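Visitor: I would enjoy a close look at a single part of this structure. Please pick one, and walk me through its surroundings step by step.
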Amino acid sequence: MAEDSDLERTEDPSPRRLDEARARGQVPRSQELITFSVLVAGMGSLIVSGDSLLDALKRTMHSNLRFEAATLVNLDVMLIRLAQSAYDLLQTLLPLLGACVVASVLASLMISGWIFTFEPLQPKFDRLNPLSGIGRLFSVRALVEGGKAVLKSSLIGGVAVAAIWYYKDTVLQLIALPPLTGLAMLWELTRTILLYVIGAMLLIVLIDVPYQLWDYKRGLKMTKEEVRQEAKESEGDPHVKGRIRQLQMQAARRRMMAEIPKASVVVTNPTHFAVALRYEEGKTKAPQVVAKGSALLAQRIIEVGREHQVPVLRAPPLARALYHHTELGDEIPAALYSAVAEVLAYLYQLDHWQRHGGAEPALPGDLPVPPDLDPGGDE
C-alpha cells in the first residue's frame with residue numbers, strides 16, 4: 001500500500017518542475033480569456049471610433065455602389081477602384097484590428113506571463129502515431145474541451161438569438177430603410193448585441209480561467225517518489241555527500257601527514273593528543289601547526305614523526321592547549337609564545353648536545369601555559 005501511494009500523483013508541483021514545464025512551453029492558457037479580451041477591445045474600439053468607421057463605410061458604399069460607363073467598360077479602372085477601396089477600408093479598420101491583436105497578446109501574458117521558446121516547434125514523431133491521436137480524441141481533456149465548446153456555443157448563441165429576437169421588429173425594418181439610414185441602425189443594433197455577448201463571455205471566463213489554472217497544476221502533480229528524487233538531485237544524495245566528505249577528509253589527512261616530516265617538534269599528551277609544530281627562523285613569524293589529531297590519529301602522528309626523526313616531546317598542558325585552540329596552518333596563539341619558546345630552546349640545546357656532546361639538556365618542566373587555554377584533565 002505504501003508503494004502504491006508513493007506512485008500516486010498527490011503532491012503539488014515543485015518550483016523546479018514548474019520551471020521545466022515553462023521551458024518546454026507548457027504554460028496555462030485560456031482561449032476563452034483571449035476571446036473575451038478581443039471582444040472587449042473590439043467593442044471599445046467601435047465605441048471610440050465608431051462614428052469615423054461608420055463614415056468611412058458610408059463613403060465606401062457610396063463610391064462603390066455608383067456605376068459609371070467608363071468603369072464598366074475598362075477593367076483596369078475597375079481594378080484600380082477596387083484596390084483603392086480596399087486600401088481605404090483597411091486604413092479604417094486598422095485601429096480596430098490593432099486593438100484586437102494587442103488585447104489577445106496581453107490576455108496571454110496575463111495568465112501565463114512572457115515566454116519565448118522553440119520547444120513546441122520541434123518535431124515530435126510520436127504525435128504522428130494514429131493510436132495516440134485516437135487516445136487524445138477520447139481522453140478526459142478532450143471530453144471536457146468538447147463539453148466546454150458545446151456549452152459556450154449554446155450560451156453565446158442563445159444570448160445572440162434572444163437579442164435578435166427581441167429586436168426582430170427593428171431587424172425587419174432594415175429592409176425597407178435607405179442604405180445609409182439602415183447602416184446606422186444596424187450599427188446601433190450590432191453594438192447592443194455585442195454587449196450581451198460580452199456579458200455571456202465574461203461568465204464563461206470567470207469559470208474557465210480558474211479551471212485552466214487548476215488543470216495545469218493537476219497535470220504537473222508529482223508522486224512522493226518524484227519529490228524525494230528531486231530533493232536528492234537538488235540537495236545532493238546523502239550517501240554521495242558523505243562519500244565526498246570522506247574523500248575530502250582522507251585527502252586532507254594525507255596532506256597533513258606529508259607535512260609532519262618537515263615539522264620541528266611533535267608535542268604530545270602523550271597518547272590522547274598530538275600537535276606537530278614547524279618553525280623556520282627568519283621565514284615564519286611564529287611556529288605554525290602543521291598537523292594535529294587525537295586518539296588513533298595522534299598515535300599515527302607520533303609514529304610518522306619518529307619515523308622521520310622529528311623530536312617528540314611530552315607536554316600535556318601545552319598539547320591540550322594547542323589542540324583545542326589552533327587549526328591546521330594557524331600560528332600558535334600569542335599566549336603560548338613563552339611555553340613554545342622553552343620547547344624550541346630545549347630542541348636547540350638537544351641538537352647541540354647530539355652534535356658536540358657535553359651535558360645532556362634537561363626536559364622542560366612546568367611550561368607556562370595559561371589556565372584558560374588548558375582544558376585540563378587527565379586526557
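Guide: Let me begin with burial: a residue is called buried under 20% relative accessible area, exposed over 50%, and partly exposed in between, with a 1.4 Å probe and protein chains only. Elements are DSSP runs numbered from the N terminus, with helices (H or I) of at least four residues and strands (E) of at least two. Please keep in mind that this is a predicted model, in which local features need pLDDT of at least 70 and side-chain atom pairs count only at pLDDT 80 or more, while totals for chains, interfaces and linings use all residues. Residues are numbered from 1 along each chain as its sequence is written, and side-chain values use heavy atoms, leaving out hydrogens and water.

The part I have picked is strand β4, residues 273-278. The protein has 14 helices and 6 strands, and 30% of its 379 residues count as buried. In β4, 6 of the 6 residues are buried, so the strand is largely enclosed by the rest of the structure. In a regular strand the side chains alternate between the two faces of the sheet. Here Phe273, Val275 and Leu277 are buried on one side of β4, and Ala274, Ala276 and Arg278 are buried on the other.

Now for the neighbours in the sheet. Two strands pair if DSSP finds at least two bridges between them. β4 pairs with β3 (residues 265-268) in the antiparallel sense over 4 bridges, and 4 residues lie between the two strands of this hairpin. Within that pairing, valine 266 has alanine 276 as its bridge partner. With β5 (residues 288-294), β4 also runs antiparallel, joined by 6 bridges. Here alanine 276 stands opposite alanine 291.

Stepping back, the order β5-β4-β3-β6 describes an open sheet of 4 strands with mixed pairing. The edges are β5 and β6 (312-314), each with a single partner strand, so one side of each has no neighbour in the sheet. From one strand to the next, the twist averages 20°. Valine 267 is found opposite valine 275 of β4. Helix α13 packs on the sheet and touches β3, β4, β5 and β6, with its direction at about 80° to that of β4. Contact here means heavy atoms within 4.5 Å, and axes are lines fitted to C-alpha atoms, for helices over the stretch in contact, with angles from 0 to 180 degrees between N-to-C directions.

Next comes the nonpolar core, a set of buried Ala, Val, Leu, Ile, Met, Phe, Trp, Tyr and Cys residues joined through side-chain atoms within 4.5 Å. The largest one has 23 residues, and Val267, Leu277, Leu318, Leu322 and Leu336 make the most contacts inside it. At least two of its residues come from each of β3, β4, α13 (316-325) and α14 (337-356). α14 gives the most, with 7 residues. Leaving aside residues up to four places away in sequence, leucine 318 touches Val267, Leu336, Ala339, Val340, Val343, Leu367 and Val369.

Last, the rings. Rings of Phe, Tyr and Trp (its six-membered ring) pair if their centres lie within 6.5 Å; planes under 30 degrees apart count as stacked, over 60 as edge-to-face and the rest as tilted. That rule gives 2 aromatic pairs. In one, tyrosine 211 and tryptophan 214 have ring centres 6.0 Å apart and planes at 40°, so this pair is tilted. Tyrosine 211 is partly exposed at 25% relative accessible area, whereas tryptophan 214 is exposed at 51%. Phenylalanine 273 and tyrosine 323 form a tilted pair, 4.5 Å centre to centre with 40° between the planes. This pair brings us back to β4: phenylalanine 273 lies in that strand and tyrosine 323 in α13, so the pair ties together parts that are 50 residues apart in sequence. Phenylalanine 273 is buried, with a relative accessible area of 7%. Over the face of tyrosine 323 lies lysine 292, at 4.6 Å from the ring centre; a charge sits over a ring if NZ of Lys or CZ of Arg is within 6 Å of the ring centre and within 35 degrees of the ring normal.
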